[in-house]
Amino acid sequence: MIEVVAALLEQDGRFLACQRPKEKNCGLMWEFAGGKVEAGETREQALARECREELGVFVEVQQAGAQVTQAYPEYTVHLTLMRVRIKEGEIAPTEHAAWRMMTLEEAKEYAFCPADMRLLNALRGESVDHAARAKALFEQGYNCAQSVVGAFCEEMGLTQAQAMRLSSSMGGGVGGMRDLCGAVSGMALVAGMLWGYDTTGDYEAKKAHYARVRALAEDFRAIHGSMICRELLAGVPGGLQKDPQPRTAEYYAVRPCGRFVQTAARLLEERLYQGTDEAQGSASSL
């Protein structure tokens, strides 16, 4: 995962937004200025350096705010938005195609990179309730794994359709076999996209990720007593079938699966924002 910092630079009720060069990833989309935290740097040092290099200004880094983890096709980033104040210089971007000062409302008219869009939502106080989203997806007819994975499709850099296809096999305890609960499978898929490893030879990364997935599964089991589909649904009237059943009012009345997908989404959300405060860095001055 790549640590990235972004500058919330405000003037007269507006914030600085920059347009990425056409030839780069997310070309011509908008973002907060900033960049990668290099080895040996603190977040504050990295952002001060990026502002000098990208904007031509010397800044005081004042406060860390909203943080998001976002998967892109090539990499995953952990992005921290930090308030800055210009100490010296005038804004003169050197790497971006364009820049402008805009309000949060005006920003709705521009196409922002996915991670930056989520930071904007946090500034507006529009953070996603993933547990509620997962339950809603289940009630729309998606299986348990799809409901959990679909709730985090934006963070994973997937469309909803891609998320649903990716997780479609895991429903009914993996293809209706009533083994590992689909909500737990969904947690594992999301965790892999957001925090997993993609190279060979890094034993410590592999070990850490397996431990992360085990911790999520054990937390789920501690709440519900099991992570096995047939055990979780042992009391369902009429028994369990391998083939999916029609989603009727009677089905929803006796199935506890809505609670399971909510738990899985909440556990992921807690880890996603562990040690962060999404309310921090709110838009009170914008």
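Two strands count as paired here when DSSP finds at least two bridges between them. With that in mind, here are the close-ups, all taken from a predicted model.

**View 1. Strand E1 and its parallel neighbour, E6.** Strand E1 covers residues 2–11, and strand E6 covers residues 76–88. The two run parallel and are joined by eight bridges. To get your bearings, pick out Ala-6: its bridge partner in E6 is Leu-81.

**View 2. E1 again, now with its antiparallel partners.** Strand E4 (residues 34–36) pairs with E1 over three bridges, in the antiparallel sense. Look for Val-4, which sits opposite Lys-36 of E4. E1 also pairs with strand E2 (residues 14–19), again antiparallel, this time over two bridges. Here Glu-10 has Phe-15 of E2 as its bridge partner, and Gln-11 stands opposite Arg-14 in E2. What links these two strands? E1 and E2 make a hairpin with two residues between them. One to spot in the turn is Asp-12, which has a positive phi of about 50°.

**View 3. Strand E2 and what it pairs with next.** Is E2 mostly covered or mostly open? It is mostly covered, with five of its six residues buried. Strand E7 (residues 98–102) pairs with E2 in the antiparallel sense over five bridges, and Leu-16 faces Met-101 of E7. E3 is another antiparallel partner of E2, over two bridges. In that pairing, Cys-18 is the residue opposite Glu-31 of E3.

**View 4. Helix H2, tucked in.** Why is helix H2 (residues 114–123) largely enclosed by the rest of the structure? Seven of its ten residues are buried, so the surroundings close over most of it. The buried residues of H2 are Ala-115, Asp-116, Arg-118, Leu-119, Leu-120, Ala-122 and Leu-123. The cover over them includes strands E1, E2, E3 (30–31), E5 (58–71) and E6, plus helix H10.

**View 5. Helix H4 against helix H5.** Helix packing comes down to two quantities: the angle between the axes and the distance between them. For H4 (residues 144–151) and H5 (residues 160–167), the axes come within 8 Å and cross at roughly 145°. The crossing is right-handed. On the H4 side you'll find Ala-145, Gln-146, Val-149 and Gly-150; they meet Ala-163, Met-164 and Ser-167 of H5. Sorted by class, that contact has four nonpolar residues, three polar ones and no charged ones.

**View 6. H4 again, this time against helix H10.** H10 spans residues 257–272 and packs with H4 at an angle of about 35°, the axes being 9 Å apart. The crossing with H10 is right-handed. Cys-144, Ser-147 and Val-148 are the H4 residues that make this contact, and H10 contributes Cys-257, Val-261, Ala-264 and Leu-268. The class count for the contact of H4 with H10 is six nonpolar, one polar and no charged.

**View 7. The largest nonpolar core, plus a second one.** In soluble globular proteins, nonpolar side chains tend to be buried together. How many residues are in the largest nonpolar core here? There are 37, and the ones with the most contacts inside the core are Ala-183, Met-187, Phe-220 and Leu-268. The elements that give two or more residues to this core are helices H3 (130–139), H4, H6 (182–195), H7 (203–224), H8 (229–232) and H10. H10 supplies the largest share, eight residues. A second, separate core has 23 residues, including Val-68, Phe-112, Ala-115 and Ala-122.

**View 8. Zooming in on Met-187.** Which residues does Met-187 touch, if those up to four places away in sequence are left out? The set is Val-148, Leu-216, Ala-217, Phe-220, Ala-264, Leu-267 and Leu-268.

Technical notes. Residues numbered from 1 in each chain as written. Predicted model: local features only at pLDDT ≥ 70, side-chain atom pairs only at ≥ 80, totals over all residues. Heavy atoms only, no water. Axes fitted to C-alpha atoms, helices over the stretch in contact; angles between N-to-C directions. Helix = DSSP H or I, 4+ residues; strand = E, 2+ residues; numbered from the N terminus. Left-handed = near helix turned anticlockwise from the far one by under 90°. Contact = heavy atoms within 4.5 Å. Nonpolar A, V, L, I, M, F, W, Y, C, P; charged D, E, K, R; others polar. Core = buried A, V, L, I, M, F, W, Y, C linked by side-chain atoms within 4.5 Å. Buried < 20%, exposed > 50% of the residue type's maximum accessible area, 1.4 Å probe, protein only.
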